[in-house]
There are 2 protein chains.
Amino acid sequence: MADQDKQVHGNGAMEWRIKMADGSSQILVPEKGLASRLWHCLRAVIQGMAFKVCSFFRKAWEVGANDPRKVIHCLKVGMALTVVSLFYYMRPLYEGVGGNSMWAIMTVVVVFEHTAGATISKSLNRICGTSIAGFLAIGVHWVASQAGQKYEPIVVGVPLFLLASAATFTRFIPTLKARFDYGIMIFILTFSLVSVSGYRVDKLLEMAHQRISTIIIGTCLCILVTMLICPIWAGQELHALITRNMDKLANSLDGCVAQYFNASGSQEAGSEEAVHDKEMLLGYRCVLSSKATEDSMANFARWEPAHGRFNFRHPWKQYLKIGASMRSLASCIDTLNGCINSENKTPEYIKKNISNISLKVSTNTAIVIRELATTIKTMKKSSTTGTDILVAEMKGAAQELANLLKSYPPALINYHETPSTDRKADETNDHNIETQVSSTSSAVPFPLMEIVQVVTIASLLIQVTTRVEGIVKAVRELADLAEFKSQPSDRSKQNLPNKKVSPHDQDQQIVEANIQMV
Amino acid sequence: MADQDKQVHGNGAMEWRIKMADGSSQILVPEKGLASRLWHCLRAVIQGMAFKVCSFFRKAWEVGANDPRKVIHCLKVGMALTVVSLFYYMRPLYEGVGGNSMWAIMTVVVVFEHTAGATISKSLNRICGTSIAGFLAIGVHWVASQAGQKYEPIVVGVPLFLLASAATFTRFIPTLKARFDYGIMIFILTFSLVSVSGYRVDKLLEMAHQRISTIIIGTCLCILVTMLICPIWAGQELHALITRNMDKLANSLDGCVAQYFNASGSQEAGSEEAVHDKEMLLGYRCVLSSKATEDSMANFARWEPAHGRFNFRHPWKQYLKIGASMRSLASCIDTLNGCINSENKTPEYIKKNISNISLKVSTNTAIVIRELATTIKTMKKSSTTGTDILVAEMKGAAQELANLLKSYPPALINYHETPSTDRKADETNDHNIETQVSSTSSAVPFPLMEIVQVVTIASLLIQVTTRVEGIVKAVRELADLAEFKSQPSDRSKQNLPNKKVSPHDQDQQIVEANIQMV
């Protein structure tokens, strides 16, 4: 019967029938459906998991491809751990440090960090915390052993409670937390382990000696591996982060002002180039959120020995100041960007009027920022007057912008009242403006609302230049503190843009333009 | 001789003399100076140290006084440690977990964190990491024991290297790092300890059982103490941080606009009130730098069970969105503040013109922000129309400001051309403006530069209102996601300011004012 059914359906699937009392048979369809549904479910689950695993690996691959040093770091950790495990297998060494080689392994796992500074900081913290706590605990234990067995738990317990509470409290004090947080934790850990285990183990001093020596073995191994094999220095990372962020700021500023004034839309919205541009425009956002990274990098960098071009006492704190002034600039660019994307658009013909000089301000400012980035990158002061000239150029451009604003309205009213088709003719033909103004401005209110966007952008640009001066100041302080070498060649002149002098300020010396506006 | 000298000098100081060949004696002055200098030095060092210790304790006292819960946390840590140490002293318990009670102590020290969420997260990470790594390592150990003693180090070493490297790499993947960083570290630690120690210790399963049970004892104790005794919930902290930051933003905005327009300087610069005001004005800076705290709080909060008014699956991620939109507002306020403190001041008489309406915009915006803070604080939606009305008020005020800008220039030109002594008379006497404009504006360029500051401030204020709308949207999403109860009483009306309708928009409905500007 089952055979017959198989042949009837011809699809090779098994089928169950119930013979009814009346001789007819009924196919149990749902069960077949259940099996296939189960199969579908299982397949979906497997596919889903496979997809998740695939996307996980893709993400992991991206992480590794973006920064191959991370992969190297992982291999370093694996190596250090394998090497320290060998202590266990080598009989002579094993006899030396005994079963305590556990502490060496633990030290490697816990202490090995991504940057050399972090590893050194944790290593020193661990060694100091363990030593101090160990000897203190042995002292407490000695007192306790004098007190007799009955009072021993109390004599051990009360200092444990007090010291643990006090040490935990010190972890809340910011200056201590930044530098010694790990050491304090290890202090509490060691103190409680030793003072309690002292109750059972008599050979406390021997144990302390073994533990400290294994920890020193572990930390030395970590420090050697981290400093000798493809070292990643926190200081260098901080240095690179700051210069990278400066370039991002320059690109954002340049890009968003250029986009606003050349809004002809030569690019297609979805094109790869447009996506890349969009990313570049929003680069300032990285700067806004980089405080935590900078703080920890600077904190680790101070533990690092001299490396590359950096001395032991390199003024890392100054990088934090530079970072702060960069964030201040970034928030100004954020507002500028918001202003550019706002809905109250200024008509194109008004924008044209201010376009050249605004672009000049943003370009000059970006050049100053890039020059500062180069100064930090190369650690060489640009020729004595180099940055000065660029800053003066920037201020000069800002002053031009201010001058243009001063003389703006008559032209504007003229533009507004003249039909748009005639505008180009009028641009070359400025001498008749005044006569027109006198006859038109009295009748129709001046359209300030239309130029609000452009005025705001101009005044934000001027504010951007003053904030850039803050960065210039901070970078100069860094150059003095870190004793950057001065550069005799006049390389900075290559960066200078062709100076276009607008008719409004031909009589004005740029270097004089020292007036801070808005 | 020495005695005589003492009497001569009469100051009780000892003095050394050298008898010269010619009978005269010479006082060895430098040595006396050295001693007293040493004493002075010592005293200075002691004083310096005493001062440092004093200032340290003062700082510590401040930390404790500002947040007494930190002190309670420390006592909790001390208590948990003391309790777990008792396992060592109680013989029956000691027999149960043996010498491994060390792991319980270590667990308490390492796992006990300030907030309940962090403690729970670390506890679960520790338990899972230890268990998975333990059983994996026992498997590796079994394979190694089958391979024979010669190949054992290789069979153990290769997986150790590979797993340690791979696990370290996963710590770089952001999603895993945020949640399982500690677990992965413990995984590496346990795997290496067990797979290596397996070479010596045969009773691996028993050891694993003991270690896991001691860790569970430690973590349970931590979780109980952290959740039952004055618990500090990460979620609640995040909730409070967001509302506190909102209040700060409202105060900053209110304060800096008010300070600009009422710059009569009723306060003395150095007075306590002025310092307090200054602090209040710069409150927005806390918001700019709070990203890292918010991220970690939200990350810990998701591990917390239902507590207080928060369910287990409270939408903590939404708080991060609110935080991001608040930072966007804060950077706008930062720019506004920079603009207000810039050197290109607008003359008082021009400011007066726009003062009322600007103050109205900032007050209304601050009211909206405070209303949002109240919504989050109470976790109750304000009456259906409550926030809507406030937002409409804010938009209406912004629209009024825009309208004022539209009609601004004629009055301004009038002010500029009229001698300043006559200004007050003119304010009440607006009907003669147009005739004046026609006769004056043609001769002298319109002083746009003078009003640039005020126009920028106005347009930034309008941008502030659009950014506040972003916060409003984010808070509404939170209210929907977290199912805030709606509040029938019309409490929000108490917050409404007296609505002053300026002559410019009498014919305009405020609720219609939906135009986003600048």
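These legends walk through several close-up views of a predicted model.

Before you start, some housekeeping: residues are numbered from 1 along each chain as its sequence is written, and chains are lettered from A in the order in which they are written. Since the model is predicted, local features need pLDDT of at least 70 and side-chain atom pairs count only at pLDDT 80 or more, while totals for chains, interfaces and linings use all residues; side-chain values use heavy atoms, with hydrogens and water left out.

**View 1. Chain A as a whole.**
Chain A has 21 helices and four strands. Helices (H or I, at least four residues) and strands (E, at least two) are DSSP runs, numbered from the N terminus. Of its 518 residues, 49% count as buried; buried means under 20% relative accessible area, exposed means over 50%, and partly exposed is in between (1.4 Å probe, protein chains only). Take the contacts in chain A with a separation of 6 or more: 81% of them involve residues 24 or more positions apart, where a contact means heavy atoms within 4.5 Å. The accessible surface of chain A is about 25,400 Å², and 60% of that belongs to carbon and sulfur atoms. Those areas come from the Shrake-Rupley method with a 1.4 Å probe, and for residues only the protein chains shown count as cover.

Side chains of opposite charge can pair when their charged atoms come close. A salt bridge here is a side-chain nitrogen of Lys or Arg within 4 Å of a carboxyl oxygen of Asp or Glu, and the structure holds 24 of them over all chains. In one, Glu294(A) meets Arg327(A) at 3.2 Å, N to O. Glu294(A) sits in helix α13 (residues 291-301) of chain A and Arg327(A) in helix α14 (residues 316-340) of chain A, so this pair links distant parts of the chain, 33 residues apart. Glu294(A) counts as buried at 1% relative accessibility, and Arg327(A) counts as buried at 14%. In another, Glu469(A) and Lys395(A) meet at 3.8 Å, N to O. Glu469(A) lies in helix α20 (residues 448-481) of chain A and Lys395(A) in helix α16 (residues 386-406) of chain A, so the pair ties together parts 74 residues apart in sequence. Both Glu469(A) and Lys395(A) are buried.

**View 2. A salt bridge within one helix of chain B.**
Lys291(B) and Asp295(B) form a salt bridge at 3.0 Å, N to O. Both lie in helix α13 (residues 291-301) of chain B, four residues apart, which is about one turn of the helix. Lys291(B) is partly exposed at 32% relative accessibility, and Asp295(B) is partly exposed at 31%.

**View 3. His73(B) and its neighbours.**
You'll find His73(B) in helix α3 (residues 68-89) of chain B. His73(B) is buried, with a relative accessible area of 4%. Leaving out residues up to four places away in sequence, His73(B) touches Thr168(A), Phe172(A), Phe112(B), Glu113(B) and His114(B).

A pair of aromatic rings is described by the distance of the centres and the angle of the planes. Rings of Phe, Tyr and Trp (its six-membered ring) pair if their centres lie within 6.5 Å; planes under 30 degrees apart count as stacked, over 60 as edge-to-face and the rest as tilted. A search of the whole structure finds 13 aromatic pairs over all chains. The rings of Phe310(A) and Trp316(A) have centres 5.2 Å apart and planes at 50°, so this pair is tilted. Phe310(A) and Trp316(A) are both buried, and together with Tyr319(A) they form one aromatic cluster.

**View 4. Charges over rings in chain B.**
A charge sits over a ring if NZ of Lys or CZ of Arg is within 6 Å of the ring centre and within 35 degrees of the ring normal. Lys122(B) lies over the face of Tyr182(B), 4.8 Å from the ring centre. Arg211(B) lies over the face of Trp103(B), at 3.9 Å from the ring centre.

**View 5. Two loop residues with positive phi.**
Met379(B) is not a glycine, yet its phi is positive, about 55°. Met379(B) is in the loop between α15 (348-378) and β3 (380-381) of chain B, and is buried with a relative accessible area of 10%. Glu483(B), also not a glycine, has a positive phi of about 50°. Glu483(B) is in the loop between α20 (448-481) and β4 (485-486) of chain B, and is exposed with a relative accessible area of 65%.
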